[in-house]
Amino acid sequence: MCKKLNMSVSNNIKCNELIVSMIELIIINHKNHINNNANVLKRMLWSDRIRYFIGHTVPKIDINSYINRCFLYFKCNYVCHIYAIIYIDKINKNNKQIFINHENYSRIYGTALVCACKFMEDDTFYNTYYASIIGITLNELNYLEKMFLI
């Protein structure tokens with residue numbers, strides 16, 4: 001991947017650390033928002049779209065290792081990772097009911113990265129490949145991608 005991007009390994013690590021830091025900041029921001037608005041959020045109706053992004057178990061891989069995995073196997077330009085963060089930020093501004101946390105970061109970030117790759121890259125992989133990297137089934141990825149783009 002570094003050869004394709006013409007990036008040194010140290011720059012790749014810095015980009016990875018930046019993405020991890022941004023996701024951690026989003027998670028902290030959402031946790032604070034949930035804590036400050038707990039009463040309002042309890043009264044909200046949870047649609048199927050929102051429910052599908054909720055993770056029911058904590059992924060067995062930490063955020064740093066997950067982002068490393070995405071950098072290694074998605075084989076996309078680092079700009080796609082930046083766009084994925086932008087997509088997550090936009091979807092959260094448009095829909096205050098979707099929150100990113102330690103239970104669902106892999107589902108949300110993975111889906112955002114798939115969308116970014118398909119938008120930015122000329123050659124992309126099949127969704128079966130992306131789903132195996134993200135750690136979800138093909139049907140889940142197809143549905144999440146559809147819900148993400150609506």
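The questions and answers below concern a predicted model.

Reader: How are the axes of helix α7 and helix α9 oriented to each other?
Author: Helix α7 covers residues 105-120 and helix α9 covers residues 138-149. Their axes come within 10 Å and cross at roughly 75°. Angles of 65 to 115 degrees count as one class, so the two helices are roughly perpendicular.

Reader: By class, which residues does the contact of α7 with α9 have?
Author: On the α7 side the contact includes Arg107, Ile108, Val114 and Lys118. On the α9 side it includes Glu140, Leu141, Leu144 and Phe148. Counted by class, the contact has 4 charged, 1 polar and 8 nonpolar residues.

Reader: Is His102 buried or exposed, or in between?
Author: His102 sits in the loop between α6 and α7. Buried means under 20% relative accessible area and exposed means over 50%. The relative accessible area of His102 is 35%, so His102 is partly exposed.

Reader: How far apart in space are His102 and Ile23?
Author: In sequence, His102 and Ile23 are 79 residues apart. In space, C-alpha to C-alpha, the separation of His102 and Ile23 is 9.8 Å.

Reader: What kind of aromatic pair do Phe125 and Tyr130 form?
Author: A search of the whole structure finds 7 aromatic pairs. In the pair of Phe125 and Tyr130, the rings are 6.0 Å centre to centre, with 85° between the planes. Planes over 60 degrees apart fall into one class, so the pair is edge-to-face.

Reader: Which residues do ring pairs link into a cluster?
Author: Phe125 and Tyr130 form an aromatic pair. Ring pairs link these two with two other residues, and the cluster is Phe74, Phe125, Tyr129 and Tyr130.

Reader: Which residues does Ile82 touch, not counting those up to four places away in sequence?
Author: Ile82 is in helix α6 and counts as partly exposed at 26% relative accessibility. Its C-alpha is 8.7 Å from that of Ala116, 34 residues apart in sequence. The residues that Ile82 touches are Leu18 and Ile19.

Conventions
Residues are numbered from 1 along each chain as its sequence is written. This is a predicted model: local features need pLDDT of at least 70, side-chain atom pairs count only at pLDDT 80 or more; totals for chains, interfaces and linings use all residues. Side-chain values use heavy atoms; hydrogens and water are left out. Axes are lines fitted to C-alpha atoms, for helices over the stretch in contact, and angles run from 0 to 180 degrees between N-to-C directions. Helices (H or I, at least four residues) and strands (E, at least two) are DSSP runs, numbered from the N terminus. Angles under 35 degrees count as roughly parallel, over 145 as roughly antiparallel, 65 to 115 as roughly perpendicular and the rest as oblique. Contact means heavy atoms within 4.5 Å. Ala, Val, Leu, Ile, Met, Phe, Trp, Tyr, Cys and Pro count as nonpolar, Asp, Glu, Lys and Arg as charged, and the others, Gly among them, as polar. Buried means under 20% relative accessible area, exposed over 50%, partly exposed in between (1.4 Å probe, protein chains only). Rings of Phe, Tyr and Trp (its six-membered ring) pair if their centres lie within 6.5 Å; planes under 30 degrees apart count as stacked, over 60 as edge-to-face and the rest as tilted.
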